[in-house]
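Subject: Structure handover

Hello,

Here is the structure I promised to pass on. Please open it next to this email and follow along.

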Amino acid sequence: MFLRKLTVLVVPLLLLAAVCLLLPLLTPLGFAGAALKGLLAGTALALLLPLSGASRRREPFAGLLWLPALLTLALLVCQYLLLGGTDIPVMRALATSDSEVVLAEGAFAAFMAVFCVRTKK
């Protein structure tokens with residue numbers, strides 16, 4: 001019982017430390033670095049509970065998360081193409097070079113994808 005409690009306390013802190021050490025290494029990569037930061041943060045958040053042993057549930061509708069995850073990833077790809085000079089008229093209104101927005105989009109995409117895979121039946 002003590003080991004389980006220790007795991008629940010220590011694993012999230014180790015995961016947080018790993019993410020905090022990796023995020024500054026991705027800064028020089030520009031847009032790709034921001035997207036990778038978001039994907040890393042989302043993956044870490046999605047794996048937080050299962051790795052610590054705090055949650056073992058299965059969700060019957062988790063398979064539906066692939067659609068918004070793919071749409072968010074498509075949005076990230078279109079934003080990257082627009083920043084590179086490719087003209088996509090439909091996506092012009094959604095384009096941004098703000099790294100925090102890209103980070104949030106990457107985090108949501110990764111969280112949904114990992115949660116979908118983790119709770120797959």
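Buried residues make up 31% of the 121 residues in the chain. Keep in mind that this is a predicted model. The chain exposes about 8000 Å². Carbon and sulfur atoms supply 75% of that area.

Next, the fold. The chain has 4 helices and 0 strands. Read from the N terminus, the order of elements is α-α-α-α. Now look at contacts between residues at least 6 apart in sequence. Of these, 73% join residues at least 24 apart.

Start with helix H3, residues 66–83. H3 has 18 residues. From its first C-alpha to its last, H3 reaches 26 Å. That is close to the 26 Å expected at 1.5 Å a residue. Which residues in H3 are buried? They are Ala69, Thr72, Leu76, Cys78, Gln79 and Leu82.

Take Thr72, which sits in helix H3. Its relative accessible area is 17%. Buried means under 20%, so Thr72 counts as buried. What does Thr72 touch, leaving aside its neighbours within four places in sequence? Thr72 is in contact with Glu105, Ala109 and Met112.

The largest nonpolar core has 5 residues in all: Phe31, Ala34, Ala35, Leu76 and Val102. Helix H2, residues 31–52, gives the largest share of this core, with 3 residues. In soluble globular proteins, nonpolar side chains tend to be buried together.

Look at Ala35 in that core. Set aside its neighbours within four places in sequence. Ala35 is then in contact with Val102 and Gly106. Val102 is itself a member of the core.

Now turn to the surface. Phe2, Leu3, Leu6, Val10 and Leu14 form a nonpolar patch there. Together they have about 520 Å² of accessible area. One of them, Leu6, is found in helix H1, residues 2–22. Is Leu6 buried or partly exposed? Leu6 has 34% relative accessibility. Buried needs under 20% and exposed needs over 50%, so Leu6 counts as partly exposed.

To find your way around, begin with Thr72 in H3. Then go to Leu76 and the rest of the core. Finish at the patch that includes Leu6.

Best wishes

Methods:
Residues numbered from 1 in each chain as written. Predicted model: local features only at pLDDT ≥ 70, side-chain atom pairs only at ≥ 80, totals over all residues. Heavy atoms only, no water. Helix = DSSP H or I, 4+ residues; strand = E, 2+ residues; numbered from the N terminus. Buried < 20%, exposed > 50% of the residue type's maximum accessible area, 1.4 Å probe, protein only. Contact = heavy atoms within 4.5 Å. Areas by Shrake-Rupley, 256 points an atom, 1.4 Å probe, with all protein chains shown as cover. Expected span 1.5 Å × (residues − 1). Patch = residues over 30% accessible without salt bridge, like charges linked within 9 Å, V, L, I, M, F, W, Y side chains within 5 Å. Salt bridge = Lys/Arg side-chain N within 4 Å of Asp/Glu carboxyl O. Core = buried A, V, L, I, M, F, W, Y, C linked by side-chain atoms within 4.5 Å.
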